[in-house]
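Subject: Structure handover

Hello,

Here is the structure you asked to look at. My notes on it follow below.

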Amino acid sequence: MLPTTSVNSRSQGNGVLSPRDAARHTAGAKRYKYLRRLFHFRQMDFEFALWQMLYLFTSPQRVYRNFHYRKQTKDQWARDDPAFLVLLSIWLCVSTVGFGFVLDMGFFETIKLLLWVVFIDCVGVGLLIATLMWFISNKYLVKQQSRDYDVEWGYAFDVHLNAFYPLLVILHFIQLFFINYVIISDSVIGYFVGNTLWLIAIGYYIYVTFLGYSALPFLKNTAILLYPFALLIMLYLISLACGWNFTKMLCSFYKYRVK
């Protein structure tokens, strides 16, 4: 059984936060606490963040059960510990350096690629997707329109990070071992292997995103978040029929961006 929020944090046990506790739970206060911990590594739980990264591959439902626990104990769905973000940043740096090595990029080209991947692919796209999903879920998926039942923007960004991590590992790590020898060749097996990895990676992103929003008990019709699977599979089949090589296109794009 998950622990519940202490009655002492409520006003006369009626479920309403006292003014002092309410101030602690504002978006600004949560954001300040999160950013402040970002500079105190000793306060971060890296072991637990590694546990989350492992289970995002094997059992992502268990990761979101922990979000339920955080809501019960700290009255917020979003992470209050930036350890996951720090480890994800390290993964980004390592995998991007590996990508630059495989594509035979120089030092400064690899640095440019790293900046592009971190600030555009991860943060920029993440902010856009999180904001879009935050708006859609609060506008159309909430069962009861109320301030007590809304999706936190921080939680929407956490869902993106959770879904982005498996995609990053598949496309920026596992794929590296096949790029030069298999994928970028002009053979059928080349674009089949590459496009299949893209199918798995984006499929993971869609599924983990769906789990993130379906875990919120006040949302409805979250199954519609699985609909992009149909478009993904159709695009995958068309790419195989037309001989499109998504990885080769990505490599060409990255080389163009770092020139």
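Rings of Phe, Tyr and Trp (its six-membered ring) are taken as a pair if their centres lie within 6.5 Å, and a pair whose planes are over 60 degrees apart is edge-to-face. Please keep in mind that this is a predicted model.

Aromatic pairs

Searching the whole structure gives 19 aromatic pairs. One of them joins tryptophan 77 and tyrosine 155 edge-to-face, with 6.1 Å from centre to centre and 65 degrees between the planes. This pair links distant parts of the chain, 78 residues apart: tryptophan 77 is in the loop between α4 (60-74) and α5 (83-102), while tyrosine 155 is in helix α7. Both tryptophan 77 and tyrosine 155 are buried.

Tryptophan 116 and phenylalanine 253 also form an edge-to-face pair, at 5.7 Å centre to centre and 65 degrees between the planes. Here too distant parts of the chain are linked, with tryptophan 116 in helix α6 (residues 107-141) and phenylalanine 253 in helix α11 (residues 246-257), 137 residues apart. Tryptophan 116 has a relative accessible area of 21%, so it counts as partly exposed. Phenylalanine 253 is also partly exposed, because its relative accessibility is 36%.

One aromatic cluster is made up of Phe57, Phe84, Trp91, Tyr165, Phe173, Phe177 and Tyr204.

Charges over rings

Phenylalanine 84, a member of that cluster, has the charged end of arginine 79 over its ring, 4.0 Å from the centre. The charged end of arginine 70 sits over the ring of phenylalanine 67, at 4.8 Å from the ring centre.

Alanine 163

Is alanine 163 buried or exposed? Alanine 163 is buried, because its relative accessibility is 0%. The residue belongs to helix α7 (residues 153-174). If neighbours within four places in sequence are left aside, alanine 163 is in contact with Tyr205, Val208 and Thr209. Leucine 56 is 107 residues away from alanine 163 along the chain, yet their C-alpha atoms are 8.0 Å apart.

Annotated spans

An unreviewed UniProt entry gives the feature "transmembrane region" at residues 83-102, 114-136, 163-184, 196-219 and 225-247. In the model, residues 83-102 are 100% helix and 0% strand, with 29 Å between the end C-alpha atoms. Residues 196-219 are 79% helix and 0% strand, and the end C-alpha atoms of this span lie 32 Å apart.

Regards

Conventions
Residues numbered from 1 in each chain as written. Predicted model: local features only at pLDDT ≥ 70, side-chain atom pairs only at ≥ 80, totals over all residues. Heavy atoms only, no water. Helix = DSSP H or I, 4+ residues; strand = E, 2+ residues; numbered from the N terminus. Buried < 20%, exposed > 50% of the residue type's maximum accessible area, 1.4 Å probe, protein only. Contact = heavy atoms within 4.5 Å. Phe/Tyr/Trp six-rings, centres within 6.5 Å; stacked < 30°, edge-to-face > 60°. Lys NZ or Arg CZ within 6 Å of the ring centre and 35° of its normal. UniProt positions renumbered as here; feature names shortened; annotations may be inferred.
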